Amino acid sequence: MISLQHPLWLCPFRVFFLATASSALLLLAAWGLFLTGFLPLPPFAGGAVIWHAHELFHGCILASVIGFILTAVPEFTGVRPIAARHVRRLFGLWLLARTAFALSGLIGSAATVLAALCDLGLLAGVLLWLAKPLWQGSGRRHLAFFHALLALFVVECGFYASLLGGSDALPWLRLTGSLSMILIIIALSRISMRLVNDVLVERGDDSAPYVARPPRRNLAILTLGLHGAAGFWLPGNPLLGWLALAAAAAVFNLLNDWHIGKALWRRWVLLPYLVYWLMALAYTLQGLSSFFPALPGSSSAAHLAYIGSIGLSMLIVMSIAGRLHAGHDLDRRNWLPWSGAILLLAAGARYAPDWLGAAALLLASGLWCLAWFLYLRHALPVLLGPRPDNRAGCDEGG
Amino acid sequence: MNAPPGLPGRLLAASGSVLAYLWSGWGSLASLFLFMAAWHALAMVLGSLILPTPVESLQTLSRLLHDPLAWEDIAITARRALTGFLLSLGVGSAAGMIAGISLTASMMSRPIVTLLVGMPPIAWLVLALLWFGAGDGTPVFTVFVATFPVIFVGAMQGTRTLDGQLRELSRMLGLSFAMKLSDIYLPHVLSYLFPAWITALGTAWKVVVMAELLSTQDGIGAALAISRSHLDTPSSMAWILALVGSLLGVEYLLLEPLKRRLESWRQWDESRP
């Protein structure tokens, strides 16, 4: 077992970002091999689609969210970072949950119960730790993280209750998808305030500072939440089409904050900008698919957001927080925009299967894996290595 | 010193601000889609016979718009509403400014304005039917008289609240009348007039349909009366959509950009520390 003195435990993001990128790569590589028939499809509780969706949401994406929150909240609120031994326990729960879910079809409901306990224990542990810094003083400004994670906890309870009760658990995962979009908006609104303004200052163009305006953000969160709730209660209803279009318009409305001239073309601005574009496009297509059946279905459109928007935002957050809080400068190498472009291509390919056939699904899986392979190749020395200043903790370099 | 931008630069800046204005409409669009969702939810509860869904109404509207007669009805309604509105805009703005300049006129006009505001448009419509019969005159007059007090009060308030110190300063600086008008008087008065004009335009659109419904054989109001007599709810909703759509178009594509341009000084003023 890796000792507590290993650099991996210096800061919570290290192990969780490593878990995110590794699971992103492994889960989609396995999915591609299952789809092509190179590997026989093993049994999973609830079926293969449930395993695929749950592990990507609650395995891969949640790991990046936990890594980011445990690192960023002490910075936002000024509290002491979470102790390494707690991080190790949380990561242990994450790993056990992934293993138990993978074996759920072979072992039976005991493995599913174990996965449920570990997944819920992980979320409860993070929520318990977050409660104190976020409910006091300046931390209250960031309570949205707590509320979103609490909602994820409730949805995860519902998911496992459905799964163990033998009913369809997929609606709970769609709800998780909507919550993930909301989490992106909450996180990006905070990160972008610093990122974009840093770029403006660097360009000597800081006369009109960038502000992520709360009313716009609240409208986007409201519409995304309504769409998620309606999708859960009234699947397939045309009402969803209107709510999806409302969500798309509200996300496009967020981009009003981002039109800041030539600084938009800098990678630290353009990549998060594209996150919102992809999200808005995905919701537009979801909305239109309700009224025009000839268009690819809402699942294909939703994947445009899952791969493009969530994938890209994970890449940005992990590339920025994962370096700054390890004492390094921002990564200016070309692999990052290339990985972003590959994720966009993967999102496009995943949207196309209704026209291009199953090859598009395989292409999307391959491109997704390539992007995360590039990330791991360039980020692994940072995640596993000591800080360049040989200090401990999560402080930024310099 | 920076050289002034050439024509391509100015064109680029102008197209940039047009794009920025259009992009700022996404927030309104989100609210409209939420409204559509609420409408759909209500239609699900009440049933299509009582309240057709937005999609059914839009499909009916699309079918209606394939008929050239429908476009004729829309044009007739727009002509009547705009004629009444423009008359009101001219007379109401001028009379309101005159009343604002003179304290005596302002005092005299107050009870008359109260009377005009309090008089329901339907009462004017009855009088107009007696005076003008079933032609264009009735809806145009009703629109005029219903929108006049709104514009009159806006113009009067704008003129009354002119900053006396600014007026004094302009006199001391010896500004020409044209400069006083364009740089001091008009920007201030317009900041009161524009909201009044927009409110009046909305009122005009509503009143003209009511007047047509009760007094004419053509226009959107008459079409609504026919669809009501046939118990054709989807057609009624389609006509209402056409009406509201044209109102939103005029307000957001014509009046709002104009208002922003004329009020750019206010934004600059508010942005100062």
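What share of the contacts in chain A between residues at least 6 apart in sequence join residues at least 24 apart? I looked that up and got 73%, with two residues called in contact if their C-beta atoms, placed from the backbone, lie within 7 Å.

**Ground rules.** I'm working on a predicted model, where local features need pLDDT of at least 70, side-chain atom pairs count only at pLDDT 80 or more, and totals for chains, interfaces and linings use all residues. Residues are numbered from 1 along each chain as its sequence is written, chains are lettered from A, and ligands are numbered from 1, in the order in which they are written.

**Confidence.** For the complex, the predictor gives an ipTM of 0.90 and a pTM of 0.86. I then checked pLDDT, the predictor's confidence in each residue, from 0 to 100. Chain B has a mean of 85, and 94% of its residues reach 70 or more. Where pLDDT is low, the predicted coordinates should not be read in detail.

**Chain A.** I found 14 helices and 0 strands here; these are DSSP runs numbered from the N terminus, helices being H or I of at least four residues and strands E of at least two. The C-alpha trace spans about 50 × 50 × 40 Å along its principal axes.

**Chain B.** I got 12 helices and 0 strands for this one. Its C-alpha atoms fill a box of roughly 70 × 50 × 35 Å along the principal axes. Of its 273 residues, 33% count as buried. Among contacts between residues at least 6 apart in sequence, 74% join residues at least 24 apart.

**Domains of chain B.** The chain is divided into domain 1 (1-46) and domain 2 (53-268), with bounds from an automatic or database domain assignment. Their centres, taken over C-alpha atoms, are separated by 23 Å. I found 6 residues of domain 1 in contact with 4 residues of domain 2. On the domain 1 side, α2(B) gives the most, with 4 residues. By class, that side has 4 nonpolar, 2 polar and no charged residues; Ala, Val, Leu, Ile, Met, Phe, Trp, Tyr, Cys and Pro count as nonpolar, Asp, Glu, Lys and Arg as charged, and the others, Gly among them, as polar.

**Where A meets B.** The contact takes 16 residues from chain A and 14 from chain B. On the chain A side, α8 (214-233) and α9 (239-254) are the elements that give two or more residues. α9(A) gives the most, with 9 residues. That side divides into 11 nonpolar, 4 polar and 1 charged.

**Cores.** A nonpolar core is a set of buried Ala, Val, Leu, Ile, Met, Phe, Trp, Tyr and Cys residues joined through C-beta atoms within 7 Å. Which residues touch the most other members of the largest one? Of its 152 residues, A246(A) and V251(A) do. Leaving aside neighbours within four places in sequence, A246(A) is in contact with T223(A), A30(B), F33(B), L34(B) and A37(B). Another core lies apart from the largest one, with 47 residues, among them A99(B), V153(B), A196(B) and V209(B).

How values were computed: Buried ≥ 20, exposed ≤ 12 C-beta atoms within 10 Å, placed from the backbone.
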